[in-house]
Amino acid sequence: MGRGKIEIKRIENANSRQVTFSKRRSGLLKKANELSILCDAELALVIFSNAGKLIEFSSSG
């Protein structure tokens, strides 16, 4: 049994939006790290949060 589909639209509740952002950000960083290791690829990921905070990931130094 799979998960239900969600409608992709802006989350109006600011607290829910921040929680979702944090969870999806960590998932995205994990997937980027896995991809770089499994495929021996060099990745760079840059995310700007709604508050202007910079989150970055690089598979090489």
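A salt bridge here means a side-chain nitrogen of Lys or Arg within 4 Å of a carboxyl oxygen of Asp or Glu. By that rule, the count for this protein comes to 1 salt bridge. Before we go and find it, a quick word on what you're looking at. This is a predicted model, in which local features need pLDDT of at least 70 and side-chain atom pairs count only at pLDDT 80 or more, while totals for chains, interfaces and linings use all residues. Residues are numbered from 1 along each chain as its sequence is written, and side-chain values use heavy atoms, with hydrogens and water left out.

Let's start with the overall layout. The protein has 1 helix and 2 strands; helices (H or I, at least four residues) and strands (E, at least two) are DSSP runs, numbered from the N terminus. Follow the sequence along and you get the pattern α-β-β. The radius of gyration is 14 Å, well over the 10 Å that the globule rule gives for 61 residues, so the protein is more spread out than a compact globule. (That radius is taken over C-alpha atoms, and the globule rule is 2.2 Å times the number of residues to the power 0.38.) Along its principal axes, the C-alpha trace spans about 40 × 40 × 15 Å.

How much of the protein is buried? Of its 61 residues, 13% count as buried, where buried means under 20% relative accessible area, exposed over 50%, and partly exposed in between (1.4 Å probe, protein chains only). As for contacts, meaning heavy atoms within 4.5 Å, take those with a separation of 6 or more: residues 24 or more positions apart account for 20% of them.

Now for that salt bridge. Side chains of opposite charge can pair when their charged atoms come close. Here the partners are Glu-12 and Arg-10, whose closest N and O atoms are 3.5 Å apart. Are these two buried or exposed? Glu-12 counts as exposed because its relative accessibility is 62%, and Arg-10 counts as exposed too, at 51%.

Next, the empty space. Rolling a probe the size of a water molecule over the atoms shows where empty space is left. The largest pocket holds about 370 Å³ of space. A pocket is found on a 1 Å grid over the protein atoms alone: it is an open set of points where a 1.4 Å probe fits, with protein on both sides within 12 Å along at least five of seven lines, and its lining residues have an atom within 4 Å of a point. Grid points are joined across faces, edges and corners, and the volume is the space filled by probe spheres set on the points. Of the 15 residues that line this pocket, the closest to its centre are Lys-9, Ile-11, Arg-17, Thr-20 and Phe-21. Which element gives the most to the lining? That's helix 1 (residues 14–38), with 6 residues. Sorted by type, the lining has 6 nonpolar, 4 polar and 5 charged residues. For that sorting, Ala, Val, Leu, Ile, Met, Phe, Trp, Tyr, Cys and Pro count as nonpolar, Asp, Glu, Lys and Arg as charged, and the others, Gly among them, as polar.

Stay with helix 1 and look at Ser-36, which lies in it. Ser-36 counts as buried because its relative accessibility is 9%. Leaving out residues up to four places away in sequence, Ser-36 touches Ala-41, Leu-43, Phe-57 and Ser-59.

Moving on, you come to the loop between helix 1 and strand 1, where Asp-40 is found. Phi of Asp-40 is near 50°, a positive value in a residue other than glycine. Asp-40 is also exposed, with a relative accessible area of 72%.

Ala-44 is exposed at 68% relative accessible area, and apart from residues up to four places away in sequence, Ala-44 touches Phe-57 and Ser-58. Ala-44 and Ser-59 are 15 residues apart in sequence and 6.6 Å apart in space, C-alpha to C-alpha.

Ser-49 counts as buried, at 15% relative accessibility, and is in contact with Phe-21 and Ile-55, leaving aside neighbours within four places in sequence. Gly-52 is found in the loop between strand 1 and strand 2 as well, but Gly-52 is exposed, with a relative accessible area of 54%.
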